[in-house]
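Here is a short report on a predicted model. It follows the packing first, then the strand pairing.

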Amino acid sequence: MTTPKTAFGQTIHHVELAGWLAAATELHSGGHTMFDWLGVEDAGRPGAVGQRHAVFLHVIDPRTREGVMLRTEVGTNDSLVSVAHLWKGARWHEREAAEMFGIAVADEPEHLLLPDTFQGHPLRKDFVLASRVVRPWPGRLEPGEDNTSAPSRRRTAPPGVPDPSWGPRREEESTP
């Protein structure tokens, strides 16, 4: 296993895909027998979305309550070795990774959430949401996007952020 990095109280081991199972086995035999979660995120660089995915495994040592995260990257032609024989709860998470992200898992899990006829992997960033293609965004457009008026120079705040006039203000000291 690689040298771990610790940040914000979380220990992360970055491993190559070939060492994924060995690192997971080492964690399990070292006392990290409680499975927490297995997740996937897009690890693609700009212009390469959907070509690489980062797979994370978080396990806990129940005696010390220490959590450790294992991270690897999977390419489009790579296959992730299953860790479900070490932690039974990982089977569902591996099935989700295979179905929703298109990660190939070595033992080819069956469908979990989507019908057999569904095309694509809906949690990938390169997946096009059909509802956004058929119907435009139902929310209010930004100034200038509706082509009815000139764009405003006033900067708009994100939704939920109050304008500067809201809230308590510091009273200025008055001079006698």
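## Helix 1 and its packing

Helix 1 packs its buried residues against strand 3 (34-42), strand 4 (52-61), strand 5 (66-75) and strand 6 (79-80). Those buried residues are Trp20, Ala23, Ala24 and Leu27, in a helix that spans residues 20-29. Viewed down the axis of helix 1, they fall within an arc of 100 degrees, so they line one face of the helix.

The face turned away from the buried side carries exposed Ala22 and Ser29. Just after helix 1, glycine 31 adopts a positive phi of about 115 degrees.

## The nonpolar core

The largest nonpolar core has 25 residues. Trp20, Leu57, Leu70, Val83 and Trp87 have the most contacts inside it. Two or more core residues come from each of helix 1, strand 3, strand 4, strand 5 and helix 2 (90-101).

Leucine 57 touches several parts of the chain. Leaving aside neighbours within four places in sequence, its contacts include Trp20, Ala24, Phe35, Trp37, Leu70 and Trp87.

## Strand 5 and its partners

Nine of the 10 residues of strand 5 are buried, so this strand is largely enclosed by the rest of the structure. Strand 5 pairs with strand 4 in the antiparallel sense, over 10 bridges. Strand 2 (residues 10-14) runs parallel to strand 5 and is joined to it by four bridges.

Leucine 70 of strand 5 is the bridge partner of leucine 57. Leucine 70 is also the bridge partner of histidine 13. The hairpin of strand 4 and strand 5 has four residues between the strands, and arginine 65 takes a positive phi near 60 degrees there.

Conventions:
Residues numbered from 1 in each chain as written. Predicted model: local features only at pLDDT ≥ 70, side-chain atom pairs only at ≥ 80, totals over all residues. Heavy atoms only, no water. Buried < 20%, exposed > 50% of the residue type's maximum accessible area, 1.4 Å probe, protein only. Arc of directions from axis to C-beta. Contact = heavy atoms within 4.5 Å. Core = buried A, V, L, I, M, F, W, Y, C linked by side-chain atoms within 4.5 Å. Pairing = 2+ DSSP bridges.
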